[in-house]
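User: I am new to this structure. Could you walk me through its annotated sites?
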Amino acid sequence: MIFKALDYRTNLPIKLEVKGDKIYDISVCDERIDSNFFIAPGLVDIQLNGFQGIDLNQLGLKMTDVKTLAQVLFRNGVTTFFPTIITNAVNATHDLLAVIAAACDAYPEIDKCIGGIHLEGPFLSAEEGPRGAHRKEFIQAPDWELFSYWQKAAKGRIKIITLAPEWAGSSIFIKRCVASGVVVSIGHTAANPEQIKAAIEAGARMSTHLGNASHAMLPRHINYIYEQLASEELWSTVIADGFHLPDSLLKICIKAKPNQTILISDATSFAGLPSGLYTGHIGGEVELNSEGKLHVKNNPNLLAGSAQSVMWGVNQLVKKQILSLQEAWNMASLKPSAFFNGNATNALEVGNQADFVIFKKEHNNLKVIKTIKAGELVFEN
Ligand SMILES: [Zn+2]
């Protein structure tokens, strides 16, 4: 298979040849190519709760839902994602993890798309603000036995855990996670600087949606956001949907860590749906407005999660002139891959697995035209 488009890095026309599941050759293309068609690495979304009506945290989740979710994400340029399971009852978490693991076993083509499972909770802060929308009754201290029970249900597929390191015993828990190959990300936390430093010392390497799930008011100098932002060891993930963080803070996060920032969607099942009123899975009524903002009904200032894809976030950064298209795209593709693999295994380079996207840039929007996963054309518009 041969694909022709402009290289998103150089804007020059290239011809990319795929053989098997790999990029076999990349060469200059001397044919005329539409100046709006780009080729770029597949997007990697390491925090996603659902999309287009599929809710990974809804009990009754089926294996086919996981399969459909992967297909929906292909339409949005995502070739790898981390299904994210949030705070829930012990058995509910167990069952949801088991369904995702079973889907990976049943559908090898889906298994290829799932980089790992992200467990966000329940070892989070119970405080109002940092807790966000996680259910208080299930929040608890880190418990290795419990985590192991869930990891067994997930057949070892939990690769990221978001936790609040202020709980007693966090350091030992973090060390055990790291030793077992699980990335520990700090989030939904009210930790003081010493507790954050101790978590880093124990092996924590990431901050989950930095700047969100925090108190409305923070001490001006000493606070958990600055402490994480200043750490060289921590990578940040940020939600760049245009609603979760003001542009100024987004810029600060990116400037502080230009090589260690990863875009995430943190999308809910409302992502990809038409604007309107919906009922959230915790029962509340939510509104997805015409601008793409998801908020509690009649209260536009209270966000109810994200309803946009990670590609939308890429485009937001470009539209707001915070980053170039190449830089923004890399934060949702090469950076997450580099974080997990040491180097970006999804870069457009000969020998790499053929995970890439051809998209069209029109009227300030990005539209996916083709998605290739492991050498197969999995979506074509
Ligand atoms: Zn969260």
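Predicted model: local features only at pLDDT ≥ 70, side-chain atom pairs only at ≥ 80, totals over all residues.

User: Where is D266 placed?
Analyst: D266 sits in the loop between strand 14 (261-264) and strand 15 (276-279).

User: Is D266 buried or exposed, and why?
Analyst: D266 has a relative accessible area of 12%. Buried means under 20%, so D266 counts as buried.

User: What does D266 touch?
Analyst: Leaving aside residues up to four places away in sequence, D266 touches Q47, N49, H209, I239 and S306.

User: Turning to the metal, which residues coordinate the zinc ion?
Analyst: The zinc ion is coordinated by E120 through OE, and by H188 and H209 through NE2, at 2.0 to 2.1 Å.

User: What spacing do the donors follow along the chain?
Analyst: The donors of the zinc ion have the spacing E-x67-H-x20-H. E120 belongs to strand 9 (residues 117-120), while H188 is in the loop between strand 11 (183-186) and helix 6 (193-202), so this pair ties together parts that are 68 residues apart in sequence.

User: Are E120 and H188 buried or exposed?
Analyst: Both E120 and H188 are buried.

User: A change of topic: which residues does UniProt list under "binding site"?
Analyst: The unreviewed entry lists A133, N212, A213, R220, H244, L303, A304 and G305. They span 173 residues in sequence, and the farthest two C-alpha atoms are 26.7 Å apart, so the residues do not all gather at one spot.

User: Where does N212 lie, and what does N212 touch?
Analyst: N212 is found in the loop between strand 12 (206-207) and helix 7 (224-230). Its relative accessibility is 15%, so N212 counts as buried. Not counting residues up to four places away in sequence, N212 touches I239, H244 and L245.

User: What are the contacts of A304?
Analyst: Beyond residues up to four places away in sequence, A304 touches T268, V286, L294, H295 and V296.

Key: Residues numbered from 1 in each chain as written. Heavy atoms only, no water. Helix = DSSP H or I, 4+ residues; strand = E, 2+ residues; numbered from the N terminus. Buried < 20%, exposed > 50% of the residue type's maximum accessible area, 1.4 Å probe, protein only. Contact = heavy atoms within 4.5 Å. Donors = N, O, S within 2.8 Å, 3.2 Å for Na, K, Ca; no water. UniProt positions renumbered as here; feature names shortened; annotations may be inferred.
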